[in-house]
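Hi,

As promised, I am passing the structure on to you. Have a look at it first, and then read my notes below.

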Amino acid sequence: MEFFLDAENVRFSYVNEAEEPPVRTEVLKDVTLRVKKGEFTAVLGHNGSGKSTLAKCFNAINLPDSGTVTVAGLRTDDENNLLPIRKSAGMVFQNPDNQIVATIVEEDVAFALENLGVEPSEIRRRVDEALKTVGMYKYRMHAPHKLSGGQKQRVAIAGILAMNPDCILLDEPTAMLDPRGRKEVMDTIKRLNREQGVTIVLITHYMEEAAQADRIVVIDGGELLLDGTPRKIFSQVETMKNLGLDVPQVTELAWRLRKAGYDIPEDIITEEECAEAIAALLKKGG
Amino acid sequence: MAIIETKELTYVYGENTPFRKVALDKVSIEINEGEMIGLIGHTGSGKSTLIQHFNGLMKPTSGKVLVDGEDFFADKKKLREVRFKVGLVFQYPEYQLFEETVAKDIAYGPKNMGLDEAEINRRVHDAAELVGLTAEQLQKSPFELSGGQKRRAAIAGVMAMEPKALILDEPASGLDPQGRDRIFDMLKRYHTEKKNTVIVVSHSMEDIAKFADRILVMNEGSVFCFDTPPKVFGRSRELEQIGLAVPQVTRVIGRLNDMGFDLGSDVYTIGYAEKLIRARLGEKVQ
């Protein structure tokens, strides 16, 4: 089976040329990660673990020192592939203010299409469609700087959607947003994944967001440490805590009750499951 | 005694323009000496506007702000004094580091207060110790530190001024779970040792629930409530309606209450939820 995103034995270092001799810091140490088309993968890891570096390898911002990365079968180290790769795998960054270039929302969304030389009528159609998809159509004539953080991130996502990508890589897109903005962005991501089959790679520090993915990979010290479904990953409460990560509150509550000797499933990741399981305990207890 | 008090504080952006917006609407609150306060509210609720009034960065359109019982806007000479009494740490404070070494950066505030060398030294080391920076790190350029270390260095710079009230805007934003815990542990330690007022603005109810004596909830420029955590979280349904996310465990207990288990409405930490459920199970088993 062909993988949509495929990193094989990737090594990557940052080099500080300012030092004499230049200092190399190895950030990715032999990482292999394969992502299927249409999959929703969350990437967890503490600050400095290498997760953003890996994401940047997937749209050819970073080229590995050794190993290979392919996107839709195209190798990132072939310069001729750059444009098709960037069209196919778009990236959304943490700070919405750093990725909005135009003074009107719809012009911002059209920016990449204009650079690609797309026909004006086609640009109009795609920009409108992308803005409708993220629920920002009615703000199309607004100035981006007057939008909320969640709205700005949705505009950034629309800019990528307009290129009809197969995959969106998101690097902590909700870190600077309030709960409402976070929910808007998460709902948009999930809808794109479910309804349009867009492959999603989401880097996040919020465990409750990661719990909504199909798959979680945990990166630590530049190595891929854990890989599995959210249930499988979050049931390893102690491992996650030792890695400086966390688990959703519901998982931790169930885990604590289990440790206290109560019969409660260890793979609880939603509020509903948690409430049901505790209700069952309380009924049995009475 | 109140360290910060506002009386019908009102602030209007763009007065006499079509963009007129009331950012604060007759806010009257009292924050006492030595209190640990959590301040929450969605984007645009007025919380940033409010804290900028606390040290005179913004001037009320009407109403009063008293620091230490004094109306510092009435006497211009007092304004400088207020900046030393009330220390404000902005969001992403690490972008404001500028000195050659971490030690000099932390010393910048105390130096401007006109303190002598020995006192400046004591304060720099005190603050560095509180935030967990080593003597070796103090001699480094701020730009050689990791993201989390830079954040802590920037906070130390304000702590070193030993303000009677320390205000931090989203101090844990963008950090991983361990980094977040570290910041909050550090603030708790600072609070315990210095007995000064600490006000933390955060989007995360989970984080605020862990440390606050009282929580101030802002909504649409007005005080929604200002009370102890159990009282505030007891209104979790209303909080969700105004766009705030209550902790996941609070929602789970809410679901259990809906199912007919009367667990109370003031549960907001995992530890308390665990205790409550175990007590309930114990009572029934006996």
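Gly38(B) stands opposite Ile215(B) of strand E8 in chain B. Before going further, a word on the source: this is a predicted model, in which local features need pLDDT of at least 70 and side-chain atom pairs count only at pLDDT 80 or more, while totals for chains, interfaces and linings use all residues. Residues are numbered from 1 along each chain as its sequence is written, and chains are lettered from A and ligands numbered from 1 in the order in which they are written.

Back to chain B. Helices (H or I, at least four residues) and strands (E, at least two) are DSSP runs, numbered from the N terminus. Two strands are said to pair if DSSP finds at least two bridges between them. Strand E3 of chain B (residues 36–40) pairs in the parallel sense with strand E8 (residues 214–219) over four bridges. E3(B) also has a parallel pairing, over four bridges, with strand E7 (residues 197–201) of chain B; there, Met36(B) has Val198(B) as its bridge partner.

E8(B) has another partner, strand E9 (residues 222–227) of chain B, in an antiparallel pairing over five bridges. E8(B) and E9(B) form a hairpin with two residues between them, and Glu220(B) in the turn takes a positive phi of about 50 degrees.

Next, a loop residue. Leu97(B) is found between strand E5 (86–89) and helix H3 (102–112) of chain B. Leu97(B) counts as partly exposed because it has 19 C-beta neighbours inside 10 Å. Leaving aside residues up to four places away in sequence, Leu97(B) touches Asp105(B), Pro142(B), Lys150(B), Ala153(B) and Ala154(B); contact here means that the C-beta atoms of two residues, placed from the backbone, lie within 7 Å. Leu97(B) and Val131(B) are 34 residues apart in sequence, and their C-alpha atoms are 15 Å apart in space.

Now to where the chains meet: 35 residues of chain B are in contact with 34 residues of chain A. On the chain B side, the elements that give two or more residues are helices H6 (147–159), H7 (177–194), H11 (248–258) and H12 (270–285). H12(B) gives the largest share, nine residues. The residues on this side of chain B divide into 15 nonpolar, 13 polar and seven charged. For these classes, Ala, Val, Leu, Ile, Met, Phe, Trp, Tyr, Cys and Pro count as nonpolar, Asp, Glu, Lys and Arg as charged, and the others, Gly among them, as polar. In H11(B), the buried residues include Gln248(B), Arg251(B) and Leu256(B), and just after H11(B), Gly260(B) takes a positive phi of about 105 degrees.

Over to chain A, which has 11 helices and 10 strands. Its radius of gyration is 21 Å, close to the 19 Å that the globule rule gives for 286 residues, so chain A is as compact as a globular protein of that length. That radius is taken over C-alpha atoms, and the rule is 2.2 Å times the number of residues to the power 0.38. Of the 286 residues in chain A, 48% are buried.

Helix H4 (residues 120–133) of chain A is worth a look. The buried residues of H4(A) are Arg126(A), Val127(A), Ala130(A) and Leu131(A). Seen down the helix axis, they fall within an arc of 130 degrees, so they line one face of H4(A); the arc is that of the directions from the axis to the C-beta atoms. Ser121(A) and Glu122(A) are exposed on the face turned away from that buried side. Helices H3 (105–115) and H5 (149–161) of chain A are among what covers the buried residues of H4(A).

Finally, chain A has an open sheet of four strands in the order E2-E1-E4-E5, with antiparallel pairing. Its edge strands are E2 (23–35) and E5 (74–75), each pairing on one side only.

Happy exploring!

Technical notes. Buried ≥ 20, exposed ≤ 12 C-beta atoms within 10 Å, placed from the backbone.
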